[in-house]
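Subject: Structure handover

Hello,

Here is the structure for your files. My notes follow below it.

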Amino acid sequence: MEINQRFLQACRGEPVDVTPVWFMRQAGRYMPEYRAIREKYSLIEICQHPEIAAEVTMQPVRALGVDAAILFADILLPVIPLGLGLEFAKGEGPMIGSPVRTLEDVRTMKPFDTESDLSYVMDAIRILRGTLGGVPLIGFCGAPFTVASYIIEGGSSREFLKTKTMMYSAPEVFHALMEKLSVVLSDYLVAQIHAGAQAVQVFDSWVGALSPADYETFILPYSQKVLNAAEAMNVPVIHFGTNTTTLLPQMKRAGGSVLGLDWRLPLDDGWKIIGHDRAVQGNLDPALLFAPLPEIKARVYDILRRADGRPGHIFNLGHGILQHTPVDNVKAVVDMVHEFSAEKVNIL
Ligand code: CP3
């Protein structure tokens, strides 16, 4: 079996034959194969049936020829064994049945055993290691802040007002929640690595809502705990956030062998801030996948030109693939990244 090493090599900052590429949310509603399965099962049902979760994970690997697979799951699954209730209402996004607002709420969150309470996730990983062949499998979890924001708000949010109000008005409650989540999420990530995940990504999708000073006080120690736990297992750890231009130095200190970059900052500028001793992942705007091919081509080329053939670049979007994205454009980007980085052709 031929092993695809380029993703893992790039994570370690080693030279590669061509730039590896995968996409956040590469499995999902933009794919007809996924929609067919979703007609029969809810999102949570897919996650809780390891064979189906494994099949959905494989869909983009087959259709796109990406260099890594990401386990099909959700950052909010640990909310279920915490006893807080999780539902994905149609058109509403995630909803938490019992949001956490007080110290008493934090104390009554159920302690859980990852291996038994989230065994379906580990089972999906074990199945996938058998079916993926040489394509590496990425496990993941949400970072404590991003998960805490859903637990405090009760669902998605734009302003994070309840979360910030807790931070500023009842910091002891916020710290207690973050402490508890950092333990649970560390265990969850380590269990995924034990089950066979060859790399992991920590999604701090909404941390860009905070200032550097608040990141330092309220976030860094807890993210660090989760990232360190995974790094101690000797697998690449990708630390991802959006809107993080002013937070990159602190995110680097918190940890991760690879830092995610979104499109708000040119890749070379972001990499300079982080330092070339770390690998980077990114950073095409997901909306560009709706543009005509010549425009996509120019933007893909621009990112590769900014990476400048330096070891340690993993091509990805700056955030997840959007619903209604044309599949052909996603596939075209995979081929472009491989072709341009192999030949360094000047298309401009
Ligand atoms: O292919 C993959 O990337 C793996 C699967 C994956 C899902 N969620 C499945 C999913 C991953 C990596 C996630 C992570 C996730 N979940 C994040 C972090 C990534 C990011 O985009 O910032 C967040 C914030 C969540 C929470 C979440 N889950 C939200 C806000 C929503 C609703 C959004 C929407 O588009 O409706 C979900 C639902 C969800 N999780 C879907 C998928 C494919 C939507 C599709 C469906 O309902 O079938």
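**Ligand site**

By class, the shell around the ligand holds 15 nonpolar, three polar and four charged residues. Here Ala, Val, Leu, Ile, Met, Phe, Trp, Tyr, Cys and Pro count as nonpolar, Asp, Glu, Lys and Arg as charged, and the others, Gly among them, as polar.

Some ground rules before the rest. This is a predicted model, in which local features need pLDDT of at least 70 and side-chain atom pairs count only at pLDDT 80 or more, while totals for chains, interfaces and linings use all residues. Residues are numbered from 1 along each chain as its sequence is written, and side-chain values use heavy atoms, with hydrogens and water left out.

Back to the ligand. There are 22 residues around it, and Arg29, Tyr34, Arg38, Ser205 and His319 come nearest. A residue is near a molecule if one of its heavy atoms lies within 4 Å of it.

- Histidine 319: a side-chain N or O atom is 2.6 Å from an oxygen atom of the ligand.
- Aspartate 74: a side-chain N or O atom is 2.7 Å from a nitrogen atom of the ligand.
- Alanine 27: a backbone N or O atom is 3.0 Å from an oxygen atom of the ligand.

Taken alone, the ligand exposes 870 Å², and the protein buries 88% of that. Accessible areas come from the Shrake-Rupley method with a 1.4 Å probe; for residues, only the protein chains shown count as cover.

The ligand sits in the largest pocket. A pocket is found on a 1 Å grid over the protein atoms alone: it is an open set of points where a 1.4 Å probe fits, with protein on both sides within 12 Å along at least five of seven lines. A molecule sits in a pocket if more than half of its atoms lie within 2 Å of its grid points.

**Backbone geometry**

Most residues other than glycine have a negative phi, and most peptide bonds are trans. Here are the exceptions to check.

Glycine 282 and asparagine 283 are joined by a cis peptide bond, with omega about 0°. Asparagine 283 lies in strand 8 (residues 279–284). Helices (H or I, at least four residues) and strands (E, at least two) are DSSP runs, numbered from the N terminus.

Glycine 282 also takes a side-chain contact. The side chain of histidine 313 reaches the backbone oxygen of glycine 282 at 3.0 Å. Histidine 313 is in strand 9. Its relative accessible area is 4%, so histidine 313 is buried. Buried means under 20% relative accessible area, exposed over 50%, and partly exposed in between (1.4 Å probe, protein chains only).

Asparagine 243 is not a glycine, yet has a positive phi of about 60°. It lies in the loop between strand 6 (237–241) and helix 12 (248–254). Asparagine 243 counts as partly exposed because its relative accessibility is 39%.

Histidine 324 also has a positive phi, near 75°. Its loop runs between strand 9 (313–317) and helix 15 (327–343). Relative accessibility is 63%, so histidine 324 counts as exposed.

**Other positions**

Threonine 146 is in helix 8 (residues 144–153). It counts as buried because its relative accessibility is 0%. A polar atom of the threonine 146 side chain lies 3.2 Å from the backbone nitrogen of tryptophan 206.

Tryptophan 206 and tyrosine 41 are 165 residues apart in sequence and 28 Å apart in space, C-alpha to C-alpha. Tyrosine 41 is in the loop between helix 2 (32–38) and helix 3 (43–48). Its relative accessible area is 31%, so tyrosine 41 is partly exposed.

Aspartate 269 is in helix 13 (residues 267–274). It counts as partly exposed because its relative accessibility is 33%. Aspartate 269 and arginine 306 are 37 residues apart in sequence, with 8.7 Å between them in space, C-alpha to C-alpha.

Alanine 254 is in helix 12. Its relative accessible area is 1%, so alanine 254 is buried.

Best regards

How values were computed. A polar contact is a pair of N or O atoms within 3.5 Å; within protein, one must be able to donate a hydrogen and the other to accept it, and residues adjacent in sequence count only if both atoms are side-chain atoms. On a 1 Å grid over the protein atoms alone, a cavity is a set of points where a 1.4 Å probe fits but cannot get out, and a pocket is an open set with protein on both sides within 12 Å along at least five of seven lines; lining residues have an atom within 4 Å of a point.
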